[in-house]
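Subject: Handing over the structure

Hello,

I am passing this structure on to you. Please open it first, then read the notes below it.

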Amino acid sequence: MGSQEVTNWQGKHVTVAGLGVSGIPAAKVLHGLGAVVTVVNDGDDERSRAQAAELEALGITVRLGDGATLPEGTELIVTAPGWKPDKPLFAAAAAADVPVWGDVELAWRLRGPDAAPWLAVTGTNGKTTTVQMLASILEAAGLRTAAVGNIGVSLLDAVLGEERYDVLAVELSSYQLHWAPSLRAHSAAVLNLAPDHLDWHGSMEAYAADKGGIYEGNRVACVYNLADKATEDLVREADVEEGCRAVGFTLGAPGPSQLGVVEGILVDRAFVENRQKNAQELAEVSDVNPPAPHNIANALAAAALARAFGVPAAAVRDGLRAFTPDAHRIAHVADVDGVAYIDDSKATNTHAAEASLAAYESIVWIAGGLAKGATFDELVAKSAKRLRGVVLIGADRALIREALVRHAPEVPVVDLDRTDTGAMLAAVQEARRLAREGDTVLLAPACASMDMFANYNKRGDAFAEAVRELGASA
């Protein structure tokens, strides 16, 4: 079952690993193509049984509570991206010489001959925002596009649906890239690399290698971050098509083959004639919402991919102006008594929190939650000079408190020994007490939310609600 070989799925025995947002559509698509589909799933709860019943009504076999055994006669496994590579099912597949694809690989193989090219984005942080910015820029250029992959429209729907696209803006996680060896993007960007999901990948080297797979076979541009040498190293290691160029982005002035910032202007010195001497103005920093440093970097990466696809400069400006960020990503909630309250609940790891903290001068920081194995020394050491005070919540707050003792001993810390949802109101009240006029109270937890909240959205909502209560009593 090598690249593009499967034109006739009739009677092919395919095992889909995992019910869920990618497994169910994959099972339905393969069944519709005539494959004999068996879905295996570790869980056997009420939700899984309801999903299984829906698939079984179509004639798809589902095995609940048995995700380890390779069904007899399997010729291909299509896995949900979250399934770890060391699962027994994959060891059995390797022993039987059965290939394993992810949903991204399946979508890539099922594209038609005139399919839309992919502009692909990965990185530890900023993927979703960058892809949404990219889609907004492409739309401003009059192109039919969609933000797909790890967000928005499912890739299978985009590839097989009725709608015809000119180009797709594709967000890809390291999990998805691990299971997508055939993917060959028009152009791709790795925004940054920081330790994340190491429990899944096994090592930082394996994680980086999976991220770097996004550059394999690129046709026009491999976009990398000048501030993150690891991304440039991945470009050097990639096997790309003849003529594909390395294009860097930087918050400083750009050199040839780079995009950067000069006196408040986003500037392109990569996709211009005579890039040794010429530069093209794309947009103003004030066109980026919000204009925090890491978000300007996201905008430059999106602009680089759009320019690689031939988009005119005016569309970059118009697309960035039209873009509105998702909730809980550096969202300005309110000003109360001259203090700005910012919700960046999406900062669920230290790398994201560091970028968020770098955007403000004087901060009362609300942090804590589930650390997921993270350490906080580097984050605190880099951010210490910006901290007016810190309010800690959540299960693993002691890890952050210890880092603060080591690297910011003079910063006042309020340790809220609570993990109930009402703790957020108390945290905001304590932050208000610590803040002075002109400060920013920043929720950038550097941790996951599941110790206290269903997800980071609910955590951000609780913060916004608490700030509104402050405003009402101000």
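Contact here means heavy atoms within 4.5 Å. By that rule, and leaving aside neighbours within four places in sequence, Thr-128 is in contact with Ile-151, Glu-171, Asp-326 and Arg-329. Thr-128 lies in helix α5. Helices (H or I, at least four residues) and strands (E, at least two) are DSSP runs, numbered from the N terminus. Thr-128 has 9% relative accessibility, so Thr-128 counts as buried. Buried means under 20% relative accessible area, exposed over 50%, and partly exposed in between (1.4 Å probe, protein chains only).

Some ground rules. This is a predicted model, where local features need pLDDT of at least 70, side-chain atom pairs count only at pLDDT 80 or more, and totals for chains, interfaces and linings use all residues. Residues are numbered from 1 along each chain as its sequence is written, and side-chain values use heavy atoms, with hydrogens and water left out.

Helix α5 and its partners

Helix α5 covers residues 127-140 and packs with α11, residues 293-308. Their axes are 8 Å apart, at an angle of about 45 degrees. Axes are lines fitted to C-alpha atoms, for helices over the stretch in contact, and angles run from 0 to 180 degrees between N-to-C directions. The two helices are therefore oblique to each other. On that scale, under 35 degrees is roughly parallel, over 145 roughly antiparallel, 65 to 115 roughly perpendicular, and the rest oblique.

Nonpolar covers Ala, Val, Leu, Ile, Met, Phe, Trp, Tyr, Cys and Pro; charged covers Asp, Glu, Lys and Arg; the others, Gly among them, are polar.

Helix α12 (residues 313-322) also crosses α5, at roughly 125 degrees, and the axes come within 7 Å. This crossing is right-handed. In α5, Met-133, Ser-136, Ile-137 and Ala-140 take part. The contact of α5 with α12 divides into seven nonpolar, two polar and one charged.

Aromatic pairs

There are four aromatic pairs in the structure. Rings of Phe, Tyr and Trp (its six-membered ring) pair if their centres lie within 6.5 Å; planes under 30 degrees apart are stacked, over 60 edge-to-face, the rest tilted. Trp-9 and Trp-101 have ring centres 6.1 Å apart and planes at 85 degrees, so this pair is edge-to-face. Trp-9 lies in the segment before β1 and Trp-101 in strand β5, so the pair ties together parts 92 residues apart in sequence. Both are buried.

Phe-90 and Trp-179 have centres 4.7 Å apart and planes at 50 degrees, so this pair is tilted. Phe-90 sits in helix α3, and Trp-179 in the loop between α7 and β9. Phe-90 is buried at 7% relative accessibility, and Trp-179 at 8%. Ring pairs also link Trp-83 with these two into a cluster.

Covered helices

In α4, eight of eight residues are buried. Among them are Asp-103, Glu-105, Trp-108 and Arg-109. The buried residues of α4 pack against α1, β4, β5, β6, α6 and α7.

Best wishes

Definitions and conventions: A crossing is left-handed if the near helix is turned anticlockwise from the far one by less than a right angle, and right-handed if clockwise.
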